[in-house]
Amino acid sequence: MRERITYLLHDPRNFQLDQLKISKNALEVRNLKAAKEHQLTVGLNDLPTEIRDVLTQSHEIHIRWASAKPYESIAPFSSRVAPGLHVFFTPLRDNSARHLCPLLQDLFDEQLKCKSPQKSFTPLSPPSPRFSTSSSHQYHALVPDLSSFLTYINAKVCSNPSANSSSLCSLSLPSLRSVSFLDINYDAISHALVINAYWAGGPEKGVWNEVQEKQRSDDTLEIGVLNNEQATEKEELKLGGFLTVLGEHDEPKQTLFSFPSRHHPLSPLTSHYTFSFPSPTGLHPHAHITLPHSALTPPSPHRCSLHTYLTLPSAIFLDRYQFSDPLFLTSLNLKSLRHISGATDLEAPDYVVDEWGSAALFEIDVPNSKSKAGGSSGKSESKREGDFVVDIPLHLRYLTPTNSTTSGSPQGTVSLDIPHPILFWACVAEDGTKMSSSPFDRVNLGYDSLFGDRTYFYHLSPAGAISSGAKPAVGRLVETIHVPVLDLSHPLAHWIEWGTVMVVVLGAGWIMGRLWDVVGGGSAREEGSKKEN
């Protein structure tokens, strides 16, 4: 079993080497203010049978879970996905991994809307065959926490004395309760499961006080305490600090290395955004993404474009045909709908849609420097002076009727949770730039497969992201809206049901009558014409 633990210091000026205490097979960190990533590589033999069976039927599977609690991005862990559970999957053969949905329900939430990969997953089609290395199918569900995952690991892995599970259990319990994001990756080539967990700060005021130790003599555990240095090239990241391989080093070893990185953070002070739905939402809610004009400056002199990637549940959908009119797009501060996949049927009610939902990539129409200098120039709606608002019209599917006396929502409405979108600048790399892989870059995020392999991503932060690991997060990266639905407890609900049936029957009868008149009239005219002849 291999482990890599990386601490990224929030402020290297407050770090002293005596905060690290190393022994033969353990390293203690004391009062360390830092973000942390823990990577664990697990062999298939160390996993429960049901997990192993699903993995061996998969060409690749990538699970991403992100907390709805805002957190600060710090390089090199600056990439983001929408809150909730994401699964990117490529089957080994057609109709393989039929037990994937039951496993996901056991691991994360038994109420997941997942029947089978063929029915509930949506195709993740790349825009070009050049990008065919990405996963072929996508799934998302707004899972609020990892409580089910922790219960499963404790019951099926940690309680099994024959499994080599000690490191996995120390990662999972109890530290994963406060994790910012969790990645689980498997592919048929490596034949190993790689788990990455990231915390924006320590469990107590952003501080870490813990001991990391090897569980077995043949395990490999590498620990780094690093900070970001000034890189020579804009597209590179440089990390410096101390590395320790337990069992090999008697003291931390100094290190300094740089590497190209596809993902970069932008300052949350100048490059942030908010997400909201103006009330009343009705059947056609409008999603508003609000940015300060300071966020509209490209981060690179090379060709850059600002994008937003939306992940929508099946109850909400986009009408792709609306976004084919350039004038309409301009009025919304959008340039184009670059990609859409998933449940996009315009007529189907939510209770007959098997797919999890849909995902869409928009390019934002950033105003030029002249319009930025003079405000929005009437181009965009502004909530406050200096705001730039992107307006995305959405549509509500017909939902299953409910009873307001038991639903807990206002009469005639239900609550619907919409995860906040991801915003980023996509910039093309300069000719001659070496795009070698980074040991920290994340792939299979949904939107990254929609761009070429020479693209850099500069991520904006959601408003409310913490400014340091010691400060609490503000808000929640999920927007809850109340949408109309038929209330079965309403006195007129019964009449509405029967009234709808009667209108449909009368309408069908009227259409049949008109058809009969046309057919009968045509026959009469033909007969009259014969008599005249």
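Student: Are cysteine 304 and cysteine 427 buried or exposed?

Tutor: Cysteine 304 is buried, and cysteine 427 is too; buried means under 20% relative accessible area, exposed over 50%, partly exposed in between (1.4 Å probe, protein chains only). Keep in mind that this is a predicted model, where local features need pLDDT of at least 70, side-chain atom pairs count only at pLDDT 80 or more, and totals for chains, interfaces and linings use all residues. Residues are numbered from 1 along each chain as its sequence is written, and side-chain values use heavy atoms, with hydrogens and water left out.

Student: What makes cysteine 304 and cysteine 427 a disulfide?

Tutor: A disulfide is a pair of cysteine sulfur atoms within 2.5 Å. The sulfur atoms of cysteine 304 and cysteine 427 are 2.1 Å apart, so the pair qualifies. The link is right-handed, with 115° about the S-S bond.

Student: How do you know that cysteine 101 and cysteine 114 are joined?

Tutor: Their S to S distance is 1.9 Å, and the search of the whole structure finds 2 disulfides. The link of cysteine 101 and cysteine 114 is left-handed, at -60° about the S-S bond. Both of these cysteines are buried.

Student: Why do strand E14 and strand E19 count as edges?

Tutor: The open sheet has 6 strands in the order E14-E25-E24-E17-E20-E19, with mixed pairing. Strands E14 (263–265) and E19 (334–342) each have a single partner strand, so one side of each lacks a neighbour in the sheet. Two strands pair if DSSP finds at least two bridges between them; strands (E, at least two residues) are DSSP runs, numbered from the N terminus.

Definitions and conventions
Helix = DSSP H or I, 4+ residues; strand = E, 2+ residues; numbered from the N terminus.
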